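Please open the model in a viewer and keep the selection tool at hand. The stops below follow one another as a tour.

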Amino acid sequence: MSVIAMNTEKPGRDHGEAVRALAERLAGSAHLPGAPAYGEACRIWNAMIERRPALVVRPRDDGEIAEAIAFARRTGLPLSVRGGGHNVAGAALCDGGVTIDMSTRRAVAVDPAAMEVRVEAGATWKDVDTATQQYGLVVPSGIISATGVAGLTLGAGFGWTSRRFGFTADNLVTADVVTADGRSVRASAEEHSDLFWALRGGGGNFGVVTSFTFRAHRHGPQALCGMVVHPFERADAVMRLYRAITAEAPDELTCLLILRKAPPAPFIPAELHGKPIAAIAAHWTGDPAEGAAAMARLKAFGPPAADTIAPKDFVAFQSFLDGGQPFGRRYYWKSNEAGAMADGLMAVLRESAAANPSPHSAILVMHLGGAPARTAPDTNAVGIRAAQYGVVVQGAWEEGAEDDLHIGWVRRAFEATKPFGSGAAYVNFLTEEEAPGRIRAAYGEALYRRLRAIKTAYDPENLFRGNLNIPPLAPGE
């Protein structure tokens with residue numbers, strides 16, 4: 001039984017004939033229920049989300065995107081845009097409307113001389129990393145390689161290399177966009193600079209992005225990275241170690257605290273499988289030889305029950321957590337941003353992790369700060385620059401009959417962490433039920449007001465509302 005808030009907007013009259021007519025005009029690109037491509041598009045990462053659009057359009061060009069947008073405006077049908085389909089809120093799909101599915105457009109072109117990477121909007125980060133690492137280059141991304149490039153970028157994007165190289169949005173150079181009025185525009189610091197500002201953190205509120213061009217950085221193909229694993233009895237000591245290391249870490253070092261039940265991974269001793277563990281994953285963004293000293297304290301503590309920290313292939317490391325978040329599982333998350341790892345927060349995390357009812361759920365604490373925190377807060381629409389830690393309670397399970405059990409655990413853990421949070425939020429981790437209040441908090445009043453003004457300029461009718469929506473300004477505001 002899904003309890004996620006669904007987009008249940010229904011048109012005022014039956015538009016079936018108009019939908020079929022559009023499908024005929026866009027033959028080969030438009031897919032009605034029952035078609036194989038329709039089923040593929042409706043299969044998204046979070047199985048909690050079950051929505052069925054009236055039509056799926058896999059556009060061949062900007063003209064077909066513009067036609068799908070115009071159709072939604074003309075009929076009043078809901079409109080959604082699917083990239084990688086990996087968002088926890090399920091914003092890729094809408095009920096009874098038109099879904100523009102970009103997932104088959106996944107080309108990645110690397111210019112190693114200019115150190116730039118052009119990426120189509122349906123690509124995943126595995127697509128990007130596989131292409132860039134051939135040249136020893138990286139674009140800052142997340143920690144799950146199956147994540148879509150579009151959603152992560154538009155919502156800010158942070159991961160293993162962000163503390164040194166900035167958020168994903170900070171590294172965006174240009175974006176090609178089809179706007180709500182059907183225009184194809186390029187947004188950059190020189191062209192449509194207001195739109196460019198908003199796209200970098202403001203989510204999918206301003207148009208259909210068809211491609212991104214990123215600045216790349218030297219890193220890889222080998223990186224010093226891995227994980228140390230401890231039995232849960234050491235959780236307090238592991239969290240204190242995590243706090244001490246992250247408090248002094250240079251930008252090159254990023255650590256992720258993981259509290260969960262041990263999966264049956266081959267590198268974890270069999271006697272720990274299925275039992276609670278406290279682990280720290282770590283990555284050094286730089287010369288592996290130079291990171292050895294920074295990793296020494298992690299490796300020496302305990303000693304750990306498992307230690308995989310060593311120079312290894314960066315692409316492989318970027319996907320090592322993928323198995324814990326496969327497509328088709330049920331997911332429900334809540335998150336807070338924190339400025340410090342207070343003793344009280346660590347106690348709450350330990351108690352909540354001990355009560356975790358699922359072998360797939362986890363509490364994660366990602367170390368932020370670094371270069372993004374030193375970037376001016378109005379550089380773009382990213383609203384979490386001041387946060388030092390991202391605390392995420394990730395519920396994951398298989399059976400719909402267990403929804404209440406696991407959602408209840410997530411909500412209780414989240415409420416327990418709230419007194420230690422900053423009030424800010426990372427938009428890519430928000431669920432639909434948290435709108436609009438936490439969306440506003442995610443940006444703060446200044447950024448949110450500016451985003452609404454730009455929304456008014458580019459999408460005054462709020463066609464792009466099937467997301468974590470930022471509404472246009474009302475008359476007189």
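Select Arg51, Ala91, Glu432, Gly466 and Asn467: of the 11 residues that line the second largest cavity, these lie nearest its centre. A cavity is, on a 1 Å grid over the protein atoms alone, a set of points where a 1.4 Å probe fits but cannot get out, and lining residues have an atom within 4 Å of a point. The volume of this second largest cavity is about 70 Å³; a volume is the space filled by probe spheres set on the points, with grid points joined across faces, edges and corners. Its lining divides into five nonpolar, four polar and two charged residues. Here Ala, Val, Leu, Ile, Met, Phe, Trp, Tyr, Cys and Pro count as nonpolar, Asp, Glu, Lys and Arg as charged, and the others, Gly among them, as polar. The count of cavities of 30 Å³ or more comes to four.

The model is predicted, so local features need pLDDT of at least 70 and side-chain atom pairs count only at pLDDT 80 or more, while totals for chains, interfaces and linings use all residues. Residues are numbered from 1 along each chain as its sequence is written, and side-chain values use heavy atoms, with hydrogens and water left out.

**The pockets**

Next, select Arg260, Pro263, Leu321, Gly323 and Gly324, which lie nearest the centre of the largest pocket among its 28 lining residues. A pocket is an open set of grid points with protein on both sides within 12 Å along at least five of seven lines. The largest pocket has a volume of about 510 Å³, and its lining comprises 21 nonpolar, five polar and two charged residues. Colour strands E13 (253–261), E14 (276–284), E17 (330–338), E18 (362–367) and E19 (389–397), the elements that give two or more residues to this lining. Strands (E, at least two residues) and helices (H or I, at least four) are DSSP runs, numbered from the N terminus. Which strand gives the most to the lining of the largest pocket? E13 does, with three residues.

For the second largest pocket, select its lining residues, including Glu40, Arg43, Arg82, Arg106 and Phe327. This pocket holds about 180 Å³ of space. Two nonpolar, six polar and four charged residues make up its lining.

Select strands E3 (79–82) and E4 (98–101), which run parallel and are joined by four bridges. They belong to an open sheet of four strands in the order E1-E2-E4-E3, with mixed pairing; two strands pair if DSSP finds at least two bridges between them. E1 (30–31) and E3 are the edge strands, each pairing on one side only.

**The five-stranded sheet**

Move to the open antiparallel sheet of five strands, ordered E5-E6-E10-E8-E9. E5 (108–111) and E9 (184–188) stand at the edges with a single partner strand each, so one side of each has no neighbour in the sheet. On average, neighbouring strands of this sheet are turned by 15° against each other, direction ignored. E5 and E6 (116–120) pair over four bridges in the antiparallel sense, and valine 110 has valine 117 in E6 as its bridge partner. Display helix H4 (125–132) as well: this helix lies across E5, E6 and E10 (208–215), at about 35° to E5.

Show the side chains of arginine 118 and aspartate 176, which meet in a salt bridge at 3.9 Å, N to O. A salt bridge is a side-chain nitrogen of Lys or Arg within 4 Å of a carboxyl oxygen of Asp or Glu. The pair links distant parts of the chain, 58 residues apart, with arginine 118 in E6 and aspartate 176 in E8 (172–178). The count of salt bridges comes to 26.

**Backbone details**

Most residues other than glycine have a negative phi, and most peptide bonds are trans. Select methionine 115, in the loop between E5 and E6: its phi is positive, near 55°. Then centre on proline 221, in the loop between E11 (217–218) and E12 (222–231), where the peptide bond from glycine 220 is cis with omega near 5°. End at proline 303, in the loop between helix H9 (292–300) and E15 (306–307); the bond from glycine 302 to proline 303 is also cis, with omega near -5°.

Conventions: Axes are lines fitted to C-alpha atoms, for helices over the stretch in contact, and angles run from 0 to 180 degrees between N-to-C directions. Contact means heavy atoms within 4.5 Å.
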